Structures are given as structure tokens and as C-alpha cells.
Amino acid sequence: MGISMASGHTQAQGEGNYRFALVSLTSLFFMWGFITCLNDILIPHLKAVFSLSYTEAMLIQFCFFGAYFLVSLPAGKLVNRLGYQKGIVTGLLIASLGCLLFYPAAALATYGLFLGALFVLASGITILQVAANPYVNALGSQETASSRLNLTQAFNALGTTVAPFFGAVLILSVASGAIGDAVSAQAEAEVVKLPYLILAAMLAVLAVIFSKLNLPVIAEHQVKDENHLVEHNGKTSALQSTHLVLGAVGIFVYVGAEVSIGSFLVNFLGESHIAGLEEAQAAKYITYYWGGAMVGRFIGSAVMQKIAAGKVLAFNALMAAALILLAMNSSGAIAMWAILAVGLFNSIMFPTIFSLALRDLGPHSSQGSGVLCLAIVGGAIVPLLQGIMADSMGLQPAFILPVICYAFILFYGAKGSNM
């Protein structure tokens with residue numbers, strides 16, 4: 001794999017070094033899953049504090065995932081220049097700064113400042129994503145790359161499973177107490193200070209730890225002449241591969257649908273004809289949505305040893321669409337558990353689309369990876385569109401948008417990934 005080691009190292013030491021690096025990287029996947037999911041708690045909280053419409057509240061996801069679109073390509077160049085380890089440290093420091101910016105945003109109770117802080121935080125996480133995903137792929141043999149990515153992504157899902165409890169306790173339950181005391185929007189906004197200060201400290205500590213670790217260097221991923229065109233299978237660019245371009249659309253609609261559903265869950269479960277739950281109570285149920293994704297990844301990685309990844313992807317997309325249609329056309333416990341169960345079928349989609357899209361790209365893999373990271377901007381655009389639809393046609397009918405997203409993923413799994 002072209003990983004440079006000190007000449008005296010044995011193969012066993014090298015493998016031990018990989019294992020240590022993978023364990024270290026797993027902590028990063030957990031952290032950015034945790035932070036990303038905290039947005040699902042932040043949305044209903046800031047919606048109540050600033051009396052926002054659904055469209056205005058979805059600007060939270062727009063600013064967060066918009067950073068992926070604006071920062072992915074510069075991040076790729078930065079990581080190319082600095083190497084994976086320094087890239088990870090840079091990402092952690094920027095994310096820590098973003099968390100610190102929540103303090104003045106809360107002190108001044110200004111929605112625009114919250115959006116700015118989220119953009120800085122997401123920029124740091126984008127750099128982490130661009131550095132960590134290909135690094136995990138490179139730490140070991142190509143044959144086991146997708147199983148390694150599924151495993152680390154499972155810890156990402158663990159972060160998203162734990163975050164709603166953390167947010168419900170430290171943000172929403174404190175906020176609902178404050179609302180009961182009839183205090184100002186200022187006091188309600190200040191509720192977010194403590195959780196984000198804790199996160200800022202954790203990210204800063206991780207940055208210090210990663211700067212001291214002795215991680216393997218991927219020699220073949222070091223800076224090459226970017227202007228030199230490499231031909232592979234008669235193609236000189238990843239964008240000439242149809243399955244990559246369709247895969248990028250797949251990542252766009254998948255991240256869009258997953259984030260959109262998560263963003264509206266608290267409000268959906270709060271509807272009187274669904275569950276009528278208060279925000280702090282509803283937030284705890286988000287754990288089932290993200291927890292399903294974690295469980296599904298472990299099941300999926302076992303199933304895909306026996307069944308082709310494309311078929312598993314198509315089946316999961318079909319089930320997700322069917323569950324949303326059930327949630328749209330029912331009420332009470334059926335609607336509630338149908339929408340929460342979508343998480344279980346979301347589970348394998350991101351790593352599976354990612355690996356199917358990068359298949360057979362050879363030397364164009366890193367370019368393809370950059371394109372796929374750009375497509376994560378779906379998390380900015382689809383929730384905003386669903387917010388506009390929810391304001392105009394009601395929350396429940398607006399869920400037709402994720403159904404359309406899953407229809408495309410079904411096509412990609414069944415046919416598009418082989419084109």
C-alpha cells in the first residue's frame with residue numbers, strides 16, 4: 001500500500017500500527033456523528049427561541065451542509081499538501097473554534113451568529129471527513145476497505161445515537177424549564193453555551209492527541225503533479241465514469257433524505273395526531289432513528305458478505321420509501337414507529353453508495369472521493385426544500401420529498417451502479 005515505516009519495523013509492528021491508527025480514527029467518526037446529530041436538537045430549540053418558520057429553521061442544515069460544498073475541494077488540496085495527520089489536526093482545531101463561537105452567538109441571542117458558528121464548525125468537520133475516509137480505506141488491504149469503512153461508520157452512528165440524549169438533557173429540558181419561567185429569548189439562547197463549550201474542549205484535546213500520535217504515512221497518497229493526466233480504462237477523469245456521477249447524485253439524495261427526516265422528527269412527533277410529545281421527550285426518540293442506523297450497519301456488513309451490495313442497497317431503499325409512505329398516510333403509534341424505523345434501512349446506504357461509486361476508478365479514486373464529498377451538500381438543500389414544502393402544504397405531506405430521494409437510490413442499487 002506504499003506506507004512508509006522506519007526500516008527496522010517488522011510486518012507485525014506495521015499491522016499493529018494500522019490497528020492503533022484505526023482505533024484513533026474511530027474516535028473522530030464518533031465525534032462528527034455526535035456533532036452532526038446535535039443539529040436535530042438545535043433546530044426545534046432555535047425555532048422556538050427565535051419564532052422561526054420551518055424554512056428559516058432549516059437554514060441550520062443549509063449552513064452546516066453548505067460547508068461541505070464550499071470547503072470539500074479546498075480541504076482536499078489542504079490534506080494533499082499537509083498529509084492526513086496534519087489535516088485531521090487542522091480540522092479538529094477549526095471545529096473546536098466553531099463550537100467556541102456558540103458562546104458569543106448565545107450571549108447576543110442572534111440567529112445569524114448561530115448560523116456563522118455552525119458554518120465554521122462544519123468546515124472543520126468537512127476537513128476531517130476528507131482526510132479520514134480515504135485514510136481508513138488506505139490502512140490495510142483493498143479487499144477489506146469497505147468493511148473497515150462500514151465499521152468506522154458504525155461508530156459514527158453510535159455518536160448520532162448518543163447525541164439526542166445529551167441534547168435533550170442539556171438543551172431541550174433546560175430550555176423547557178426556562179420557558180416555564182417565562183424568561184427572555186436571551187436566556188433560552190444561552191442554554192446552548194455549556195454543551196458547545198464541552199464539545200470545544202473535547203475537540204481541542206483530540207487535536208493535541210492527534211498531533212502527538214505516531215500514525216503511518218501513506219506514501220502513494222502524497223502530493224503528485226496535479227496537472228498530469230493519468231489514463232485508466234481509457235478514461236482520464238473520474239467524471240467520465242457513469243457509475244461515479246450517478247453515485248454522486250445518490251450521495252446527494254441520500255444525505256438529503258437522512259438529514260431531512262432527522263431534522264423534522266422532533267416537530268413530527270410533537271404533532272397532536274402523531275404522538276403529541278414535548279420537545280425534550282420527542283428528542284429522546286431520535287435515538288431510535290439513529291440507533292437503527294448503527295444496528296443496521298453491523299447487520300448490513302454481515303449480509304453483504306453473501307449478497308451483492310447493489311441488491312442490498314435497492315432493497316433498503318424500497319423499505320425506507322414504503323415506511324415513509326406509511327408514516328405520511330397514518331397517525332398515532334403507527335406513523336411514529338414507521339418514520340423511526342427508516343433509520344434501520346438508511347444504515348448501509350452511505351458507505352455502500354460510496355464504495356460502489358469508487359469501484360474500478362484506480363488512480364482517479366481520490367478525485368472521485370472529492371466529488372462524492374461535494375455531494376454531501378444534499379444535506380443542505382433537501383431539508384431546506386422540505387421546510388418550504390412543510391410551510392406551504394403541511395409537515396406530513398412534505399415527507400414525499402425523501403420518498404423521491406429513495407426512489408433514485410433504488411434505481412442506483414438495481415441498475416445505476418453497474419453503468
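In this predicted model, F114 is buried, its relative accessible area being 0%. The ring of F114 pairs edge-to-face with that of F50, with 6.1 Å from centre to centre and 65° between the planes. F50 belongs to the loop between helix 1 (11–49) and helix 2 (54–57), whereas F114 belongs to helix 6 (residues 111–138), so the pair ties together parts that are 64 residues apart in sequence. Both rings are members of one aromatic cluster, which F50 and F114 form with F102, Y111 and Y196.

Another edge-to-face pair joins Y288 and W337, because their planes stand at 75°, with the ring centres 5.2 Å apart. Y288 is in helix 11 and W337 in helix 13, so this contact ties together parts that are 49 residues apart in sequence. Y288 is partly exposed, at a relative accessible area of 48%, and W337 is likewise partly exposed, at 40%. Over the whole structure, the search finds 20 aromatic pairs.

Aromatic rings also meet charged side chains. The charged end of K47 is placed over the ring of Y54, 4.4 Å from its centre, and K193 lies over the face of Y103, at 4.3 Å from the ring centre.

The second largest pocket holds about 210 Å³ of space. Its lining comprises 13 residues, of which I299, V303, V312, F315 and N316 are the closest to the centre. Helix 11 (279–303), helix 12 (309–328) and helix 13 (332–346) each contribute at least two residues to this lining. By class, the lining has eight nonpolar, four polar and one charged residues.

Notes: Residues are numbered from 1 along each chain as its sequence is written. This is a predicted model: local features need pLDDT of at least 70, side-chain atom pairs count only at pLDDT 80 or more; totals for chains, interfaces and linings use all residues. Side-chain values use heavy atoms; hydrogens and water are left out. On a 1 Å grid over the protein atoms alone, a cavity is a set of points where a 1.4 Å probe fits but cannot get out, and a pocket is an open set with protein on both sides within 12 Å along at least five of seven lines; lining residues have an atom within 4 Å of a point. Grid points are joined across faces, edges and corners, and a volume is the space filled by probe spheres set on the points. Helices (H or I, at least four residues) and strands (E, at least two) are DSSP runs, numbered from the N terminus. Ala, Val, Leu, Ile, Met, Phe, Trp, Tyr, Cys and Pro count as nonpolar, Asp, Glu, Lys and Arg as charged, and the others, Gly among them, as polar. Rings of Phe, Tyr and Trp (its six-membered ring) pair if their centres lie within 6.5 Å; planes under 30 degrees apart count as stacked, over 60 as edge-to-face and the rest as tilted. Buried means under 20% relative accessible area, exposed over 50%, partly exposed in between (1.4 Å probe, protein chains only). A charge sits over a ring if NZ of Lys or CZ of Arg is within 6 Å of the ring centre and within 35 degrees of the ring normal.
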